[in-house]
Amino acid sequence: MKLHIVKPDLYFFGQYNDMMKEWNESGTQIAPWFLDKPFDNPEDFAKFIQMLDDCENAALDKKYSSTSSYFVIDENGRLIGATSLRHYLTVEGYNTWGHIGYGVRPSERLKGYAVQMLKIMLEEAGHKKMHKALVACHTSNTGSVRVIESCNGRLENIVDDPNEKGETINRYWFDISL
């Protein structure tokens with residue numbers, strides 16, 4: 001099934017909450033950075049969407065990169081996951097994690113969606129005139145390692161996770177050409 005990226009919108013309030021309940025109940029890592037928990041009401045969800053828009057337009061803390069955030073939907077409009085694209089790297093920890101983050105809701109994993117999502121975001125990076133993109137994942141996340149390597153990511157190095165003792169991060173580079 002073909003996936004599409006869309007900007008977060010109030011239309012997805014119910015689907016977002018369903019996805020985040022599923023994710024939280026699964027106990028698995030939630031990614032990308034902006035996903036967290038369900039919202040109690042549409043007003044709080046609207047504030048969340050505004051915050052994401054502010055992040056894209058660099059209206060928040062200047063020490064962080066402008067970041068485009070997207071929901072990922074299938075051909076039927078079902079919310080499959082989310083992805084984000086940092087427009088540039090900064091020294092505030094994001095130089096470790098890179099430009100692109102993505103996550104597939106637990107019930108939709110192992111269907112090839114993560115590969116599609118990464119390819120879509122590499123294309124999006126090209127549209128933003130980026131020539132290279134860094135993508136990283138925990139070494140223990142073998143699914144993400146396979147996704148990145150199947151998309152021809154070149155392993156640059158493996159570094160210690162500054163936030164989790166004993167965990168390491170694989171860092172991969174992609175050359176982008178459209």
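How are helices α4 and α5 oriented to each other: parallel, antiparallel, perpendicular or oblique?

**Figure 1. Helices α4 and α5 are oblique to each other.** This is a predicted model, in which local features need pLDDT of at least 70, side-chain atom pairs count only at pLDDT 80 or more, and totals for chains, interfaces and linings use all residues. Residues are numbered from 1 along each chain as its sequence is written, and side-chain values use heavy atoms, with hydrogens and water left out. The axes of α4 (residues 113-127) and α5 (residues 142-150) come within 9 Å and cross at roughly 50 degrees; axes are lines fitted to C-alpha atoms over the stretch in contact, with angles from 0 to 180 degrees between N-to-C directions. Angles under 35 degrees count as roughly parallel, over 145 as roughly antiparallel, 65 to 115 as roughly perpendicular and the rest as oblique. Helices (H or I, at least four residues) and strands (E, at least two) are DSSP runs, numbered from the N terminus.

**Figure 2. Residues of α4 and α5 form the contact between the helices.** Ala114, Val115 and Leu118 of α4 and Val147, Ile148 and Ser150 of α5 make the contact (heavy atoms within 4.5 Å). Five of these residues are nonpolar, one is polar and none is charged; Ala, Val, Leu, Ile, Met, Phe, Trp, Tyr, Cys and Pro count as nonpolar, Asp, Glu, Lys and Arg as charged, and the others, Gly among them, as polar.

**Figure 3. The largest pocket holds about 960 Å³ of space.** On a 1 Å grid over the protein atoms alone, where a 1.4 Å probe is fitted, a pocket is an open set of points with protein on both sides within 12 Å along at least five of seven lines; lining residues have an atom within 4 Å of a point. The volume is the space filled by probe spheres set on the points, which are joined across faces, edges and corners. Of the 39 lining residues, Gln29, Ala31, Tyr102, Asn141 and Ser144 are the closest to the centre. Strand β4 gives the most to the lining, with five residues. The lining divides into 18 nonpolar, 13 polar and eight charged residues.

**Figure 4. A cis peptide bond joins Ala31 and Pro32.** Its omega is about 5 degrees, and Pro32 lies in the loop between α1 (13-26) and α2 (42-56).

**Figure 5. Leu110 has a positive phi.** The angle is about 65 degrees, although Leu110 is not a glycine. Leu110 lies in the loop between β4 and α4.
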